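Please open the model in your viewer and keep the sequence beside it, so that each selection can be followed in both.

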Amino acid sequence: MGYVFQFGVVWEHLPELLAGALLTLRLSVGAFVLGLLLAVLLTYARGYGSRAVRGPVVAYIEFMRNTPLLVQLFVLYFSLPAIGVRLGANQAALLGLALNFAAYGAEILRGGMQAVPVGQIEAANALGLRRWRVFRHVVLMPALRVAYPALASQFVLMMLGSSVVSAISATDLTAVTNTLQSTTFRGFEFYFVATGIYLAMALAARAGLDVAYRWLFPPLLRLRSA
Amino acid sequence: MERRNLLAGGGAAGFLFAAATGPASAQTPGLSTLDRIQRDKKVRITAEVDSPPFGIIGSDGQPDGSEIATARQLAKDLGAELEFVQVSATQRIPALLAGRADIAVSSLSITTDRAKTVAFCAPHGALSIVICGPKKTAIAGPADMAGKRIALTRATLEEATVPKAAPKGTELVFFDDIGPTIQALLSGQVDAAGMSAFAAKSVADRNPDAGIEVKFTVTTAYYGAAVRQADESLRHWIDTWVFVNTHNGVLAAIYEKYTGVKLPPLPTI
Amino acid sequence: MSRGFGWPELQFVLHGLLWTLGLSAVALTAGGVGGMIIALARVSRLRVLRIVAGGYIGLFQGTPVLMQLFLAFFGLAVLTGVQMDAWPAVTLAFTLYAGAFLGEIWRGAIQAVPPEQWEAARALGLRRPATLLRVVLPQAVRLAIPPTVGFLVQLIKSTAVASIIGFVEVTRAGQLMVNVTFRPMLVYPLVALLYFAVCWPVSLLAGRLERRLDARGSGSPRR
């Protein structure tokens, strides 16, 4: 086709691309923290709550996991104003990502919780610990340890999946790339570089989370010679 | 996702990069697009279906609108069966360049920037880009955009012109298609939006409660069909077609039917 | 006046759902074939094959599917000079995407087949291709079914991003209908419900298959 590649144009706009990448990172980390908190609450409610609470919790988890993030974002950004709730684009993006992540997080934590030996829980109860403390120390922490790899994977999946927030005008890396390529007519070059940035971010996130794991969850047994 | 895989993925990306920037393969020469259309009796034309009144989805689920009707007439006069290639605003030119469509008839305003990548035919319509918004939003001129949130669609004339006219402190918000831009305006997510005057009128007419009105005009432009730069013979044919149908009033009739406005005198390109 | 949301509008959205299902089916099938090739390459004794397959998986799992779609729509034609219509381009993009994930799933399944099976096959004098074909793969397929069905849900949901490049699947059909009816409060939740109606049964099936496999105790890795 005789297409002449001009990556210099991309280089000129690198600061804008990086600003978009920064927002992607901030949205992802924010959604991870909020989503994980919510996931813990959901898991507690599911494990210890009454039937009236369990039903909606399960319904929420199943609904969020079986509908696309993009449609969830459309509802948050375009549908809610009809009932008077008007969220900004970046707010809707953060909320949407967090709510979505919470559902997956809850499922992952449930799997992690099942790995906790029942005897531990029984022992803690026998010691007279209250339900929430039993949950926090005996169930949750070991569950997080087991679930960590899956949660880390889910973080990377979410960060990559966050590219759809561009459709509701949040100014993430994808949005910045789209705007730049439509004004400079250098579509291929910009998409190529942006894809590379995403790949680099996924790699860095993966490495960082691996390091964090070793720091957060040091080996349980330390054998010391006398 | 193992880290090893991601690293190897980076290597794969690098390999593709090298392949991409190597010598690009040439398109098969020989048959011009016009010849191919006449031989196969088939032509593919872009259809932007989220851009009132140029292109919408009619109540029968089929594309309708001024550019859609123009495309139908063009295909009929070519003697070819028409296949619509549904595109969003950002895909109008890429679909043409990638060969998914032969002709782009989707209210593409004629600009010198676009002319670097596509070849425009003689214009067959005119439009103006306006800023529109609800009555309660006070915008009398470009200066009033400061401190307000303005929605624009990517890859459109409004994206190319409004940012230049916007003062510092304007928050510009970009969507991938005209539909979401209109939705953002109607749902109150933005204070105003940039779009063609016809689209603004269409939105206002269909939503009397929203009280959408035109605030001011940003620029005017002529729009025309676009083809790939190599398709000289097709471009000449379309130029001739526009000339004939301007003269016999067909283009004017289509234009007035969908926009409610008389077709202004059209210059030649 | 704007149109109300009636039967024609619902029909349009349902028509989009057909395209969603069609795209998912083609990507799953074609991606399944590709995934099998990738999985075999990943367990190959040739290091070069392992690295290339690993690179492919890393590339498609480490980048957003939306970006892959943009590149397929913008880049493929300029790179190769091959012109492709919208449907082939979209199906190619999702096939490549599915192939990477399915390849990983099936590699996991192949590696989950107990090593004793390999040893027993070798003891019987079977060479590697025959071992794979007759002993390992049949067992791997059974192990791979639950995560594959689970991935199908991911695939169906991921086709929603095709709406952003204008491909009229159910999400875009909904978008277009919002713009002629101006009822986002009705249409977007409806689209969500349609996805749920399709994905939830598949999710339940995947869960049931996984539990059945665990009960059989064939040593599948716990997700």
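How many of the residues of β8(B) are buried? Strand β8(B) is mostly covered, since five of its five residues are buried, where buried stands for 20 or more other C-beta atoms, placed from the backbone, within 10 Å of a residue's own. Before going on, note that this is a predicted model, in which local features need pLDDT of at least 70 and side-chain atom pairs count only at pLDDT 80 or more, while totals for chains, interfaces and linings use all residues. Residues are numbered from 1 along each chain as its sequence is written, and chains are lettered from A and ligands numbered from 1 in the order in which they are written.

Now select the sheet around this strand in chain B. Five strands form an open sheet there, in the order β7-β6-β8-β5-β9, with mixed pairing; strands are DSSP runs of E with at least two residues, helices are runs of H or I with at least four, and both are numbered from the N terminus. Two strands count as paired if DSSP finds at least two bridges between them. At the edges, pairing on one side only, are β7 (171–175) and β9 (212–228) of chain B.

Next, colour the two neighbours of β8(B). On one side, β6 (residues 149–153) of chain B pairs with β8 (residues 192–196) of chain B in the parallel sense over two bridges, and B:Ala151 stands opposite B:Ala193. With β5(B), β8(B) runs antiparallel, joined by four bridges, and B:Ser196 is the bridge partner of B:Ile129.

Move to chain C and select helix α4 (residues 86–112), whose 27 residues reach 39 Å from the first C-alpha to the last. Of the 27 residues of α4(C), 20 are buried.

Finally, show chains A and C together. Here 32 residues of chain A are in contact with 29 residues of chain C, contact meaning C-beta atoms, placed from the backbone, within 7 Å. The helix α9(A) gives the most to the side of chain A that touches chain C, with 10 residues.

Notes:
Two residues are in contact if their C-beta atoms, placed from the backbone, lie within 7 Å. The expected span of a helix is 1.5 Å times one less than its number of residues. A residue is buried if 20 or more other C-beta atoms lie within 10 Å of its own, exposed if 12 or fewer, and partly exposed in between; C-beta atoms are placed from the backbone.
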